[in-house]
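Hello,

Here is the structure I promised to pass on.

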Amino acid sequence: MGVSQSDLTSAILAPDADVPAGLSDGHGKTAGKRFDVYRNNVAVSLTEALVTAFPTIYSLVGDQFFRAMAGVYLRQHPPSSPLMMFYGAEMPAFLETFEPAKGLPYLPDAARVDLALRHAYHAADTTPIAADAVQIAPEDLMASRVELAPAVQVIASAYPIHGIWSLARGGSKPPAAAQDVLISRPAFDPEIDLLPPNGAAFLTALVNNATIEEALDTSSLDPASGFGPLLGLALQRGIFTRLH
Amino acid sequence: MLDTTFSHLPNTPGVGYKPQHYSEILEAPGPVSWLEVHAENYMGDGGRPLAQLGYLAERFPISVHGVGLSIGGEGALDKDHLARLRTLCDRVKPASFSEHLAWSTHDAHFLNDLLPLPYTATTVARVADHIKEVQNHVGRRMLLENPSSYLWFDESTMSETDFLFQVATASGCGLLLDVNNVFVSATNLNMDARAYIDAFPVEKVGEIHLGGHDEDEDEHGAPLLIDSHGREVVDPVWALYDYTLAKAGPRPTLIEWDTDVPDWPTLRAEAERAAAALAAV
């Protein structure tokens with residue numbers, strides 16, 4: 001009876017476990033360090049995948065903290081699919097309860113931003129509506145519903161998440177205010193934009209098939225100072241694929 | 001209209017495609033006449049990766065090289081992943097499709113490494129069955145790549161070359177001969193690399209891989225080479241490549257450089273060295 005892949009998997013994910021019996025250097029000597037090659041390959045490759053997936057978190061906490069955190073994460077949440085481009089989906093929930101990150105309560109939302117940007121990068125290609133598609137009678141526009149591109153995500157945060165994202169890229173100190181952001185992909189490069197007050201609730205209502213008028217009512221987005229600029233941003237970023 | 005049908009890889013150098021080389025590959029490919037991509041990096045729904053690959057596939061023969069199918073796994077193959085491979089191959093119409101003699105998924109956990117398996121009659125049958133399933137799903141013959149070995153399973157009853165021959169015969173697949181992996185495995189298991197090439201069924205080889213490795217030693221002081229794809233191909237591997245070409249004849253040859261990816265001229269220089277070796281056969 002040989003060593004099973006179940007035994008090998010357990011031993012690979014547990015750095016201090018004994019090397020499974022039945023493995024050698026081919027000439028009767030133990031395979032301790034040889035087995036560690038696989039342990040190391042797995043830990044390093046998954047850690048690198050997380051570094052790639054979460055550039056904002058990486059920048060905010062630094063290399064040493066990030067790698068230590070990744071070592072815990074990858075053993076609690078090994079990938080469930082070979083698509084490494086989507087590895088890390090449980091990171092926001094993990095960070096909610098990761099004790100060493102307790103003093104940085106905005107990290108879960110920062111992880112959501114990183115995940116949304118990655119998702120947008122690989123999202124399906126779509127054709128946005130033309131900018132003049134909204135040049136219709138105001139009452140017709142108010143009665144319209146929209147469909148959004150699959151790259152689009154709205155992230156509402158209790159923290160200045162746009163400022164934190166910007167800080168991680170060398171920007172200045174974030175304001176002391178809650179911020180919501182829009183993630184989109186106009187061409188090939190994802191974009192992140194600060195939303196006006198109630199803009200997230202407005203877009204979320206549209207996602208849930210409200211008419212523009214209904215979305216304005218439920219979100220309390222200011223019809224003048226909020227709606228106009230947000231519509232302009234939405235058209236610039238190509239987030240609507242259909243108006244009907 | 002470009003000729004978009006490439007039925008096979010040419011007996012010339014190719015490189016593992018990295019997006020940072022996109023423009024230079026198009027402008028100054030040198031002897032590089034085909035490209036290999038890791039299948040899993042092109043399984044998103046859209047965006048730049050698939051757009052770039054589509055453009056390149058109209059100009060170069062493409063080799064789709066899977067790294068996540070877990071053909072050596074004890075469990076069943078992932079049907080969703082097989083479907084994704086089929087979608088990608090239908091989209092790219094690759095000149096070649098290959099995967100590894102390894103496993104990476106167990107109990108729905110994907111470990112993102114090419115993990116080893118013992119060589120027995122049982123594993124021959126399992127791997128051959130998996131390959132038949134892959135070939136049926138993807139609708140094309142595949143090449144199976146020999147691994148880099150760091151250790152030996154005491155339960156193994158046959159050599160790796162016997163194992164690969166039996167699997168290829170039972171499944172109808174071709175083989176991808178990674179000459180660096182042969183050098184790494186032979187050093188690590190204290191075997192003769194040329195004897196491995198002598199025993200290898202070279203008539204089934206549809207592609208050769210060359211890459212760099214790192215050097216370490218085990219706790220007994222024996223050399224331990226690690227397949228890293230992070231540097232130049234070393235001279236002893238080039239010599240083993242010449243030896244292989246003398247036995248097998250010219251074959252499509254890939255330079256793999258996946259970590260610490262160099263600038264394009266450095267990678268192209270490796271391809272030029274392979275081109276010179278191929279021209280000398």
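A:Arg39 sits in helix 2 (residues 32-53) of chain A; helices here are DSSP runs of H or I with at least four residues, strands are runs of E with at least two, and both are numbered from the N terminus. With 9% relative accessibility, A:Arg39 counts as buried (under 20% relative accessible area, with exposed over 50% and partly exposed in between, using a 1.4 Å probe and protein chains only). Its side chain reaches the backbone oxygen of A:Ala14 at 3.2 Å. Beyond neighbours within four places in sequence, the contacts of A:Arg39 (heavy atoms within 4.5 Å) include A:Ala11, A:Pro15 and A:Asp18.

A word on the basis: this is a predicted model, in which local features need pLDDT of at least 70 and side-chain atom pairs count only at pLDDT 80 or more, while totals for chains, interfaces and linings use all residues. Residues are numbered from 1 along each chain as its sequence is written, chains are lettered from A and ligands numbered from 1 in the order in which they are written, and side-chain values use heavy atoms, leaving out hydrogens and water.

Now to the meeting of the two chains. Chain B brings 50 residues to the contact and chain A brings 44. Between them about 4,000 Å² is buried, 57% of it from carbon and sulfur atoms (the accessible area, with a 1.4 Å probe, that two parts lose on being put together, summed over both). On the chain B side, B:Arg48, B:Phe110 and B:Leu111 lose the most area to chain A, together 15% of what that side buries. There are three salt bridges between the chains (a side-chain nitrogen of Lys or Arg within 4 Å of a carboxyl oxygen of Asp or Glu). B:Arg48 makes such a bridge with A:Asp189, the closest N and O atoms being 2.9 Å apart.

B:Arg48 lies within the span of helix 2 (residues 48-57) of chain B, whose buried residues are B:Pro49, B:Leu50, B:Gln52, B:Leu53, B:Leu56 and B:Ala57.

Best wishes

Technical notes:
Polar contact = N/O pair within 3.5 Å; in protein donor to acceptor, adjacent residues only side chain to side chain.
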